Amino acid sequence: MKVIVVGAGVVGTMHAWHAVERGHEVVHIEREAEARGASLRNFGQIWVSGRAGGEELDTALRARELWEGIGARVPGLGFRAIGSLTPVRNELELAVAEAAVARPDAAARGYELLTADEARALNPALRGAFEAALWCERDAAVEPRPAQLALREALLATGRYTFLPNREVRDVVGENSVRDDRGETHTGDAVVLCTGAWLSGLVREVAGEIPVRRVRLQMMQTAPLGEPLTTSVADADSFRYYPAYASPALDALNAGQAQDPTAAAHKMQLLMVQRLDGGLTIGDTHAYEHPFAFDTLEDPYEHLTRVVESFLGRPLPKVRRRWAGVYAQCVDTSRVVHRQRVRDGVWLVTGPGGRGMTCSPAIAETTANELGW
């Protein structure tokens, strides 16, 4: 079988990976020299902890298993099974963490409520003030910037993979075929369009209006911390954002503890993970209304700096990079991703939202299974 994959972000690359793993030939087409979208502009977190129960959690857990296996074969991914800690500062935040630990699927997530001393023993860099912390053992991390390059190198080594950069697919031509902006037609037994946040042009022509929106975020990365940050770190604002934490305790938190005005205005949470070079990737904000701003704002960065420094008990290292990114999010909450047959033999897979880096291996595996690869 020959599979044509359009889009070299993490979702497209994982579709190529599964096709090659099953013995098929892959032609992988990317409109830029290499992927430069949301797949590189994220935390690199394999984030199980906050996922909604049911299909979303099952997908994340399967993806976590796949990431670990692929990471063992492709060291350049930088896979680390580091888990995450969410420190809490008061009784309202603690009650949300306690409700999470009481979930029937808490063991599958690796939830455990730790005292402040137990959390510091696990992550000694957390020298600031907090009362307790929610530990999620199943969370992990990879390196987002080199991940697709490392996967591509492994795919090229199989001899069944061809990468065609700097080609924008303009048309779906009949069954199982697409034509690029150089006028070349690429035909296979199946075509998968993994176009990320590119939802106009070809996507609108072949799929019409789909239940997917674009979301903009701001993030930053620091110079090396100078010591290990042994886990990923979140703050209690993540309770407000992730569906796993919905509970009467969360309702009480929302009613009894106003979110910081800057965090509320930009729909923020703290997520933080250390890169292999020692720097910290820190974010993020969420903007849903179009048109998106073309500039980045300082207030969210200042808020994130204050929160991080309060957990670390020390000044943040110098910020070396700031950036904005846009990802595609399916607004149908019953689905992990928008997967649609748009022509005979042609499928569109997009809209994983903030779950893209976490869930992409399992999303691609499901596509491969459904298409009978």
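**Note on the predicted model: overall build and salt bridges**

1. Among contacts in the chain between residues at least 6 apart in sequence, 76% link residues that are at least 24 apart. The structure under review is a predicted model, and the points below should be read with that in mind.

2. The chain contains 12 helices and 19 strands. Its radius of gyration is 21 Å, close to the 21 Å given by the globule rule for 373 residues, so the chain is as compact as a globular protein of that length. Taken along the principal axes, the box filled by the C-alpha atoms is roughly 60 × 40 × 40 Å.

3. Of the 373 residues in the chain, 58% are buried.

4. Side chains of opposite charge can pair when their charged atoms come close. A search of the whole structure for such pairs finds 24 salt bridges.

5. One of the salt bridges joins the side chains of E137 and R138, with an N to O distance of 3.7 Å. E137 is partly exposed, its relative accessible area being 34%. R138 is likewise partly exposed, with a relative accessible area of 22%. A value under 20% would count as buried.

6. A further salt bridge is formed by the side chains of D171 and R179, at 3.6 Å from N to O. D171 has a relative accessible area of 29% and is partly exposed. For R179 the relative accessible area is 31%, which also places this residue in the partly exposed class.

7. D237 and R240 form a salt bridge in which the closest N and O atoms are 3.1 Å apart. Both residues belong to helix 8 (residues 237-241), where they are 3 residues apart, about one turn of the helix.

Definitions and conventions
Residues numbered from 1 in each chain as written. Predicted model: local features only at pLDDT ≥ 70, side-chain atom pairs only at ≥ 80, totals over all residues. Heavy atoms only, no water. Helix = DSSP H or I, 4+ residues; strand = E, 2+ residues; numbered from the N terminus. Rg over C-alpha atoms; globule rule 2.2 N^0.38 Å. Buried < 20%, exposed > 50% of the residue type's maximum accessible area, 1.4 Å probe, protein only. Contact = heavy atoms within 4.5 Å. Salt bridge = Lys/Arg side-chain N within 4 Å of Asp/Glu carboxyl O.
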